[in-house]
Amino acid sequence: MTPALEPLRRIAAYALCTQQAGEEVLLVRASPSSGTPGAWSLPGGAVDHGENPFDTVVRETAAETGLSVAVVGLAEVLADWRALPGRGVTIHTDRLIYQASIRGGVLRDRIGQPTDLARWFTVKQAEALPLRPFTATALGLPAASVDLRPDEPPELPSFYAVPGPDGLHRAQRFAAYAVATDPQRRVLLTLIADGYPGAGCWHLPGGGTDFGEQPAVALIRELQEETGQRGEIIELLGVASHRDAASLGPEGYPIDWHGVRAFYRVSVGLPTPPLVYDIGGSTCEARWFDAEDVPALPVTEVTEQALREAELR
């Protein structure tokens, strides 16, 4: 049994860099000052408040390896949680993994930092290393067990605001949303209620993920809870990052808000009339729209981006 630990959440971004026609992958080793000393992982790290994960992966890879990378595309979105009894915390991390190519620089080691070595390995060589679980998954290898997992994920809201260094409350939230269509190619959208940021705009169904929950699992749960629809994930479309430095919602005070949202293409094979179950919440209506009617609708920023990715806008 692991002891009761303070729950924390964070968002992180990583680079999946290969060379030699994809035969070798770039990995970094956790130093003795890290939570899992000696474990190897993809280069990357935590997304700063308000930072686009696209920029995080470039910045962190340069810091950890000495190499400059160019992001090619989004490869995967994963989540995991691990217990760090020495620090008194259990951390849930939503991890965005990007395909990246090397632009230049010189591979180097570091002293006194969370990672100390950076090396190229073949996938076969990597299989023999103590890999962080998300890295093993990204490389298509059996899941490693170097992380200490809590027996049960603690309860923690998907959104909570804390005082920032400037005294203004700030919140960083990870969420998953669906570009949901039915066999008639209708699109399912939800209307944001009065009193919430974006009120009066149409939004994608979905929402914040729970502690210990995978994004794809959370999305299917949210879709059913929010609209009554049962869906099947077809593909990951992308990730949107948006900061509102003084968002005003039902809390009644401004919040420096940073949302990172993964959006997926979802198929609803047996559509039903949408029902809003959370009366009084942020969603006041859900509706199926014919595809040709969608371009004229007022939509949120993330919805605009996702619909374009899905070629529906």
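Which residue, with a positive phi, follows α5? Keep that in mind as we walk through this predicted model.

**Stop one: helix α5.** Select residues 301-309, which make up α5. Colour Val-302, Thr-303, Ala-306 and Leu-307, and you have buried residues of this helix. Now look down the axis of α5: its buried residues fall within an arc of 130°, so they line one face of the helix.

The buried residues of α5 meet β9 (169-181), β10 (187-192), β11 (202-203), β13 (232-248) and β14 (254-267). Then step past the end of the helix to find the residue from the opening question: Glu-311 follows α5, and its phi is positive, near 60°.

Select residues 67-84 for β5 and residues 89-105 for β6; the two strands pair in the antiparallel sense over 16 bridges.

**Stop three: Ala-161.** Go to the loop between α3 (133-138) and β8 (162-163), where Ala-161 sits. Is Ala-161 buried or partly exposed? Its relative accessible area is 23%, and Ala-161 is partly exposed, because buried means under 20%. Leaving aside neighbours within four places in sequence, display His-169, Arg-170, Ala-171 and Ile-255, which are in contact with Ala-161. Finally, draw a C-alpha to C-alpha distance from Ala-161 to Glu-235: they are 31 Å apart in space and 74 residues apart in sequence.

Terms used
Residues are numbered from 1 along each chain as its sequence is written. This is a predicted model: local features need pLDDT of at least 70, side-chain atom pairs count only at pLDDT 80 or more; totals for chains, interfaces and linings use all residues. Side-chain values use heavy atoms; hydrogens and water are left out. Buried means under 20% relative accessible area, exposed over 50%, partly exposed in between (1.4 Å probe, protein chains only). Helices (H or I, at least four residues) and strands (E, at least two) are DSSP runs, numbered from the N terminus. The arc is that of the directions from the helix axis to the C-beta atoms. Contact means heavy atoms within 4.5 Å. Two strands pair if DSSP finds at least two bridges between them.
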